[in-house]
There are 2 protein chains.
Amino acid sequence: MSIRHAILGFLSWKPFTGYELKKLFADSSSFYWSGNSNQIYGCLIQLHKEGAVTSEIQLQERYPARKVYAITESGREKLRAWLLAQPELPEIKDHFHIQLSWSEPLSQTEVDGLFAAYEALLGNQVLMSREAARRGNPKPGRSARESLIWKHIEDGRLASLESELAWARKLRSALAELKKGAGALTEGAGEGGR
Amino acid sequence: MSIRHAILGFLSWKPFTGYELKKLFADSSSFYWSGNSNQIYGCLIQLHKEGAVTSEIQLQERYPARKVYAITESGREKLRAWLLAQPELPEIKDHFHIQLSWSEPLSQTEVDGLFAAYEALLGNQVLMSREAARRGNPKPGRSARESLIWKHIEDGRLASLESELAWARKLRSALAELKKGAGALTEGAGEGGR
DNA sequence: CAAAGCATGTAAGCAGTTACATGATTGT
DNA sequence: ACAATCATGTAACTGCTTACATGCTTTG
């Protein structure tokens with residue numbers, strides 16, 4: 001799966017300029033690409049070469065000219081073919097989990113600091129996602145089905161963020177419990193050691 | 001975060017050959033890299049140049065010679081610096097969610113087929129993860145803390161797979177309900193969309 | 001006798017990233 | 001005066017992927 005499909009997806013909803021697509025990607029977390037110009041503009045040029053999109057130049061008075069891209073019949077066929085392709089599993093890169101995996105040389109205090117930072121990051125993300133959901137970024141709503149799907153995807157993302165936060169809190173307090181137990185038995189030994 | 005840190009992590013546990021590391025990555029889903037030779041061997045050569053690891057050639061009778069890599073003090077410092085770096089959010093690429101986002105041109109039957117395939121894929125993954133957890137792949141257990149962390153990470157992965165499966169099932173049946181409702185009112189219209 | 005395992009490495013390519021280049025216009 | 005918005009594009013780089021190359025040994 002590459003960004004080409006997602007761009008075709010957006011254009012199957014309605015025409016956009018590269019600049020608009022860039023923002024759509026940058027503002028969305030489900031569509032996880034960064035929205036860098038290189039990729040968007042490059043991709044649009046290529047799709048145009050392949051005949052999947054048409055581009056119309058619109059001159060404007062006070063702003064630079066813009067190229068509005070629209071999907072073609074052939075583009076819709078390409079999109080359809082991809083939509084029917086074999087689903088793939090989600091790809092998850094849990095950077096923090098890997099960091100934790102090798103945290104043995106760190107002290108309990110240092111590990112606790114990592115948790116604090118991670119939980120703050122997640123908490124922030126939860127708030128921002130909730131706010132974004134409340135504001136409601138632009139999305140198609142061409143049918144009840146489509147709206148239902150988009151709603152569930154949004155809810156699912158929030159839920160998974162929240163459950164990751166709960167996971168981190170639980171592990172953190174389990175580690176604190178462990179420390180307390182060990183401290184009672186060995187009088188503060190086991191800090192920083194292997 | 002790149003694979004260099006994860007390799008240093010493994011070597012901070014105990015010495016390994018490139019071939020062994022390759023398998024460790026290939027067999028693990030938490031350490032999400034594919035475990036291709038190019039990256040592993042290339043990375044080890046580079047780490048050796050930087051003085052983060054030493055390599056000892058072990059000749060064997062019936063098998064090719066192997067290079068056993070061990071971490072150096074400087075390597076441990078590099079690892080420690082990375083361990084204390086600012087945590088990062090998980091990166092999630094929900095390929096299937098994006099596919100679903102643009103599924104408007106598909107029929108209800110086609111969408112349902114996608115769900116069936118996705119649920120089968122996830123179900124499989126859940127079984128394989130459970131089996132892998134039962135078998136228990138090689139992992140360090142240098143302290144109660146380390147074991148607790150690894151256990152929670154494993155459990156967390158399973159839980160998130162299971163909740164994704166539950167999410168898919170819920171959305172699928174919500175879509176079926178929607179279809180039923182619409183069918184009752186409009187007598188089978190609304191199939192195939194715009 | 002073929003396939004899989006042991007073991008190290010190289011080549012070619014892809015999808016993505018940040019940073020740069022240009023230049024008018026509008027808001028603080 | 002400075003930054004942000006509108007708008008399109010290019011350059012250099014990174015991290016990762018599949019596939020290839022070699023060759024011996026063990027297992028089915």
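By class, the surface near DNA strand D consists of nine nonpolar, 10 polar and four charged residues (nonpolar: Ala, Val, Leu, Ile, Met, Phe, Trp, Tyr, Cys and Pro; charged: Asp, Glu, Lys and Arg; polar: the others, Gly among them). The model is predicted, with local features requiring pLDDT of at least 70 and side-chain atom pairs pLDDT 80 or more, while totals for chains, interfaces and linings use all residues. Residues are numbered from 1 along each chain, chains are lettered from A in the order in which they are written, and side-chain values use heavy atoms, without hydrogens and water.

Of the 23 residues around DNA strand D, those that come nearest are A:Asn38, A:Lys67, B:Trp33, B:Gln39 and B:Arg62 (near: a heavy atom within 4 Å). Sugar and phosphate make up 63% of the atoms of DNA strand D that come within 4 Å of the protein. Bases are also approached: a polar side-chain atom of B:Asn38 lies 2.9 Å from a base oxygen of DNA strand D, and one of A:Ser37 lies 3.3 Å from a base oxygen.

In chain B, helix 6 (residues 108-135) has 28 residues and should span 40 Å at 1.5 Å a residue, which agrees with the 40 Å between its end C-alpha atoms (expected span: 1.5 Å times one less than the number of residues). Its buried residues include B:Val111, B:Leu114, B:Phe115, B:Tyr118 and B:Leu122 (buried: under 20% relative accessible area, 1.4 Å probe, protein chains only). An α-helix has 3.6 residues a turn, so residues three or four places apart point the same way. Helix 6 of chain B is followed by B:Gly136, with a positive phi near 75°.

How values were computed: Helix = DSSP H or I, 4+ residues; strand = E, 2+ residues; numbered from the N terminus. Buried < 20%, exposed > 50% of the residue type's maximum accessible area, 1.4 Å probe, protein only. Polar contact = N/O pair within 3.5 Å; in protein donor to acceptor, adjacent residues only side chain to side chain.
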